[in-house]
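Hello,

Here is the structure I promised to pass on to you. Have a look at it first, and then read my notes below.

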Amino acid sequence: MGRWGNVRLLASGAICSAVILVALFAPWLAPSDPLVMNTGMRLLPAAPTHPLGTDEFGRDILSRLLWGSRASLLVAVGSVTVAMAIGTTLGLSASFFGGGMEQVAMRAVDVVVSFPPIFLAMGIVALVGSSVATLVVVIGILYNPQFARLTFALGKRIMSEPFVEAARAIGASNGRIMVQHLLPNIVPSLVIQASLSAAAAILLESGLSFLGLGVQAPTPSWGLMISEARGYMSQNPGYVAWPSAVIAGTILAINTFGDALRDTLDPQLRGR
Amino acid sequence: MSRYILRRLVLAAATVFAVVTVVFSLLHLLPGDPVLLILGQSTYPDPEAIRAVRTALGLDRPLLVQYGDFLRRLASLDAGRSLYDHLPVGPDLALRFPRTLELIGAATLLAVAAGIPAGIYAANHRNRLQDWIISAVAALGISSPVYVIGTLLMLVFVLWAHWFPSYGYVPFTARPLEHLRSLTLPAVTLAFGIGAVVVRITRSSFLDALGQDSTRTARAKGLQERLVLFRHVLRCALVPVITVVGLQVGNLLGGTVLVEYIYSYPGLSTFLVQAISRRDYPAVQAVLLLISVAFVCLNLLVDLLYAAVDPRVRYQ
């Protein structure tokens, strides 16, 4: 691993940071307004004014791609935060208190896992309509089990360590043990899980947007762009190719980053 | 083993019950009046429509009565009536569910048939160019959303090469060959993601097995290399592959949503998307229930299979 592992971590980390920077600075980076239509310039191939061509409404594809990163990242960051907050709280309290608390928390998690995520998300979106806030909450709830189970398993192990016993012996409060002793030992694993969950969240969000049940037009989002481009694949193949490449590349980078991070932080899991 | 099976069965039954309860209460847990949720925010509340939905779904009765009624209906396998055409939803589900299962089965078969040999090949050429190429393709396969793969395959094989019709489902009983042809692209699309996972796991567990003492012993006693690979290494390496395939089959269920949509494959997912666009809540609810219960059963099956393969699991 060694040198190659570092290259992998740095390269994937650089791509992830680039995507985040693009999302932050999209208004300054985009050559034109992603929403301005120009029916005289429909489905143009790449040209100096429109580096990646234009879509069926004459909108600049590059600008829409750059702006589209915002929707994906917003949902990814938001839902992973929600998932981590719920999951970590459930997992920590279940491993700390055990007994009834453990039963209630972990069985609730089991129920959430019994639904294939995309179906439950579709069912809820069908009722309350789709918005970024809905997606964040729904995906956050759907992805909390990964964090809850991880925190629970690690917390259980750490609870039997001598330093927890020592902390208790000198009279540390429950809250102090949880925050000062359990949490810091779990954080590295949480970070890895967060990056993998973020990739999964982007997949789910873009999939829902592709179906027309996620980010709503005309707001640019990658899944929606691919969905719209499907109707014009033979006229302008670049229109469908670019968002496809961008989304696959982003997810590849996040997944690779998560894997490389795990290899670096936890050498025992290498190669799994 | 029988004790383990019993325990898993009880747990699965409890989970099914919980799932049914969640699906029932979904409508009531969400903020807002259930009737208005069903009708949608965009429509202005028309008193006549509100009354119609309320009586059609029995939403005017106490919650517990509704719940009891819901359970009774499910016990008699009644999936409810559509709000759209007032026909029972059951026959539609019975027609479409097998198609979705067929799609999942075909995709799993393809993924295993292609993924295991590719993984073994990569392991045998470890750290050489072949291994790098296979691993890179696998990484790309895992990271590419299923709808991206589907859209690109459609562009290449339907629009450019004209090898397949763009859509249109042919029943097996009508024209078996055409049926397989219409199944090919959706199944290949769905197989990509799980196939990539199979390649990775096969490669790493094959490498693990190659390094085992039993393999060294088999070689030391002069067994032919072919026999070493097939009798010792492969058998040992396939256990994790089976587990992972089992775990992934559940994910395939989610993948069918997008695949069916892209190819207009008349399975359960297209029915769900259609029901959502028609704001046909009873139909949405029925699909959710069926899918979730199927998901629980699938996971149960995988657990039991795993316990049969690996006895250690039974005592956990």
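How many residues of chain B are in contact with chain A? The count is 37 residues of chain B, and they touch 33 residues of chain A; two residues are in contact if their C-beta atoms, placed from the backbone, lie within 7 Å. By class, the side of chain B that touches chain A has 28 nonpolar, nine polar and no charged residues. Here Ala, Val, Leu, Ile, Met, Phe, Trp, Tyr, Cys and Pro count as nonpolar, Asp, Glu, Lys and Arg as charged, and the others, Gly among them, as polar.

Before you go further, please note that this is a predicted model, in which local features need pLDDT of at least 70 and side-chain atom pairs count only at pLDDT 80 or more, while totals for chains, interfaces and linings use all residues. Residues are numbered from 1 along each chain as its sequence is written, and chains are lettered from A in the order in which they are written.

Now to chain A. Its secondary structure consists of 10 helices and zero strands; helices (H or I, at least four residues) and strands (E, at least two) are DSSP runs, numbered from the N terminus. Buried residues make up 47% of its 272 residues, where buried means that 20 or more other C-beta atoms lie within 10 Å of the residue's own, with C-beta atoms placed from the backbone. The C-alpha trace of chain A spans about 75 × 50 × 30 Å along its principal axes.

One helix pair to find is H3(A) and H6(A): Ala105(A) and Met106(A) are among the H3(A) residues that meet H6(A), whose side includes Phe152(A).

Happy exploring!

Notes
A residue is buried if 20 or more other C-beta atoms lie within 10 Å of its own, exposed if 12 or fewer, and partly exposed in between; C-beta atoms are placed from the backbone.
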